[in-house]
Amino acid sequence: MNAGAWRAALLAEWRKLVSTRMWWLLGIVLGAYMVFMGVVMGFSLTTDPSSMSGSLGSGATLDGRQIAQTVYTLAVSVGYVFPLVIGALSMTGEFRHQTITPTLLAEPRRGRVLGAKLAVAGLLGTAYGVIGTAGAVLGGLPFLATKGDGTYLGDTGVLGDVVFSVVAIALWCVIGVGLGSLLTNQVAAVVVILAFTQFVEPVLRIGLTAIDPLQGVQKFLPGAAAEALAGSSLYSTSGMLSLLDRGWGAVVLLAYAALFALVGALTTLRRDVS
Amino acid sequence: MPTTERAGLPVEIRGLTKTFGTVRAVDGLDMVVRPGAVTGFLGPNGAGKTTTFRMLLGLVGPDGGSALIGGRRYADLAHPTTVVGAALESASFHPGRTARDHLRTYAPYAGVDDRRCDEVLAQVGLTEAARRRVGGFSAGMRQRLALAAALLGDPQVLVLDEPANGLDPEGIVWLRTFLRHLAHERGRMILVSSHVLGEVQASVDDVVVIAHGRLVHESSLDDLVALASPRVRVASPDPAGFTALAADRGWPVEQDGDDLVLTGGSCAEVGAAAYRAGLEIHGLAEEGGSLEDVFLRLTGAAPGGAA
Ligand SMILES: Nc1ncnc2c1ncn2[C@@H]1O[C@H](COP(=O)(O)OP(=O)(O)O)[C@@H](O)[C@H]1O
Ligand SMILES: [Mg+2]
């Protein structure tokens with residue numbers, strides 16, 4: 001391990017990430033979207049605690065604490081596409097704009113470049129996690145405080161969900177880098193991310209639950225693992241879908257991050273850059 | 001040419017080979033670039049120049065052979081951009097990043113600070129544009145920025161792939177002056193590629209010519225100039241006799257108006273041969289051979305038309 005070279009790689013990758021507009025554009029959109037979702041869910045769940053589950057047919061009524069958990073972890077339930085995209089762009093952008101050439105001229109040790117990107121994505125992902133989670137909390141808070149059962153921000157369990165929601169979003173950003181190193185075509189990567197997060201995974205999760213022998217499989221899908229890490233979700237508090245426990249959620253999510261990065265390292269990073 | 005003391009590292013390429021599908025881009029290339037010199041790396045489009053550079057810089061893995069800088073592979077250099085500065089063809093930038101931020105992004109690897117970024121921007125005349133996004137840059141400005149990036153780590157060796165591409169005539173003059181300044185006042189070793197000899201002729205000491213991925217010529221520029229065969233213009237009442245004489249001596253001959261133009265012999269040789277053959281001469285004049293013709297001949301294209 002060469003500490004100086006790693007420090008250089010981390011600083012370079014950080015500068016790369018924050019020297020274009022995309023990171024703050026997506027950050028602002030994420031924040032605004034989460035405030036909006038916090039308001040919507042905070043309002044509807046405090047108005048009618050069975051509205052969520054009722055519409056999905058499970059018939060459960062959420063108590064005040066569950067409402068708080070659901071609202072505070074909304075970023076992990078519906079906002080994770082943003083960190084995923086910014087993480088993927090950090091890799092696909094290099095190929096799209098061919099900056100991979102000067103990057104590998106500056107640091108021919110390709111594994112170090114990927115490692116630095118993963119680490120820096122963890123950092124930016126943490127910032128996104130804070131923005132997204134804070135947005136959902138701020139959006140929902142007024143309704144929980146006035147119309148509902150209280151904010152539950154003094155509850156260590158609920159606070160834990162808030163903290164792990166940030167961690168889960170950070171990991172999504174890291175997974176994005178791995179995905180981008182697998183799928184270096186930017187358009188393809190973004191299309192796959194949108195299709196998977198907005199359509200494929202939600203359908204799979206509900207569909208798999210309906211098939212008895214495969215019922216447990218949905219818990220291991222990345223979105224479900226992230227919700228398990230956060231500790232709760234829109235889907236789980238409503239009783240619609242079950243989750244792994246937090247520790248296993250973390251393991252599964254990390255496994256996805258490691259798998260994508262490893263496959264990227266063994267394929268893309270070994271190819272000629274021409 | 002004023003020559004200051006020059007540093008640099010030898011670039012040694014041995015049996016370098018690369019095949020893309022069915023295209024043999026580089027085919028057993030052997031060449032040595034001596035330290036301290038400015039070497040023109042010449043060849044027509046598709047000759048394998050860019051591929052050779054990419055292999056030299058560790059971006060493309062060779063199928064065979066080796067390319068070493070000072071005895072080491074580029075990828076084994078601890079801080080490569082402080083040893084070799086490279087600007088490759090179709091320089092690549094993120095359009096949304098400013099020129100200064102582009103350099104700041106690579107500065108940590110070279111171990112340099114923001115001041116050095118401003119310094120190299122000034123050197124290439126981009127100070128005014130430093131904080132503008134590269135997306136709005138002209139081709140010439142991009143080439144300058146690519147040069148600035150190559151200079152960032154203050155390397156002794158510069159590898160420049162077709163730096164004149166996309167430049168307007170004014171830009172080409174600027175580049176020529178800049179390369180000469182780097183070489184002769186700053187003592188840099190430069191390996192510069194081009195598909196047009198004339199572009200680099202004024203800046204280089206040595207030339208390496210490749211075609212179809214193979215070395216076809218390696219010498220000093222002076223020796224290449226000497227290769228440019230003399231052309232002798234002959235006025236004679238007996239063109240048929242001269243044509244026969246030229247064929248006998250193996251000198252290609254062309255009719256140009258009333259005159260004949262012979263290639264390959266000097267005035268003295270042609271005159272002596274005519275005297276011995278008893279041919280009458282009314283005029284005999286030597287014309288300089290064109291370097292561009294030599295280049296085209298070496299790389300296997302048809303030579304240009306007669307002057
Ligand atoms: N990545 C690639 N894939 C397929 N063919 C390539 C690739 N890179 C170069 N070539 C081919 O290799 C030959 C040499 O190309 P190149 O090194 O770019 O030549 P030059 O720089 O001298 O113009 C050309 O025939 C080109 O089409
Ligand atoms: Mg080329």
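This is a predicted model: local features need pLDDT of at least 70, side-chain atom pairs count only at pLDDT 80 or more; totals for chains, interfaces and linings use all residues.
**View 1. A:R110, a buried arginine without a salt bridge.** A:R110 lies in helix α8 (residues 110–146) of chain A; helices are DSSP runs of H or I, at least four residues, and strands are runs of E, at least two, numbered from the N terminus. Leaving aside neighbours within four places in sequence, A:R110 is in contact with A:L104, A:L269, A:R270, A:R271, A:V273, B:G58 and B:L59. Contact means heavy atoms within 4.5 Å.

**View 2. The interface between chain A and chain B.** The two chains bury about 2,600 Å² between them, 56% of it on carbon and sulfur atoms. Buried area is the accessible area (1.4 Å probe) lost when two parts are put together, summed over both. A:R15, A:H97 and A:L105 supply 23% of the area that chain A buries against chain B, more than any other three residues. The contact takes 28 residues from chain A and 33 residues from chain B. The count between the chains is one salt bridge. A:D272 forms a salt bridge with B:K18, with the closest N and O atoms 2.6 Å apart.

**View 3. The open sheet of chain B.** Six strands run in the order β5-β6-β7-β3-β8-β9, with mixed pairing. Two strands pair if DSSP finds at least two bridges between them. The edge strands, β5 (84–87) and β9, each pair on one side only. Neighbouring strands are turned by 15° against each other on average, direction ignored. Axes are lines fitted to C-alpha atoms, for helices over the stretch in contact; angles run from 0 to 180 degrees between N-to-C directions.

View 4. B:V84 has B:V157 as its bridge partner in β6(B). Helix α5 (residues 169–185) touches β3 (38–42), β6 and β7 (189–194), at about 155° to β7(B).

**View 5. The β8–β9 hairpin of chain B.** Six bridges join β8(B) (residues 206–211) to β9(B) (residues 214–220), which run antiparallel. B:E218 in β9(B) is the bridge partner of B:V208. Two residues lie between the strands, and B:H212 takes a positive phi near 50°.

Residues are numbered from 1 along each chain as its sequence is written, and chains are lettered from A and ligands numbered from 1 in the order in which they are written. Local features need pLDDT of at least 70 and side-chain atom pairs pLDDT 80 or more, while totals for chains, interfaces and linings use all residues; side-chain values use heavy atoms, leaving out hydrogens and water.

Note on methods. Buried means under 20% relative accessible area, exposed over 50%, partly exposed in between (1.4 Å probe, protein chains only). Lys and Arg count as positive and Asp and Glu as negative; His and the chain ends are not counted. A salt bridge is a side-chain nitrogen of Lys or Arg within 4 Å of a carboxyl oxygen of Asp or Glu.
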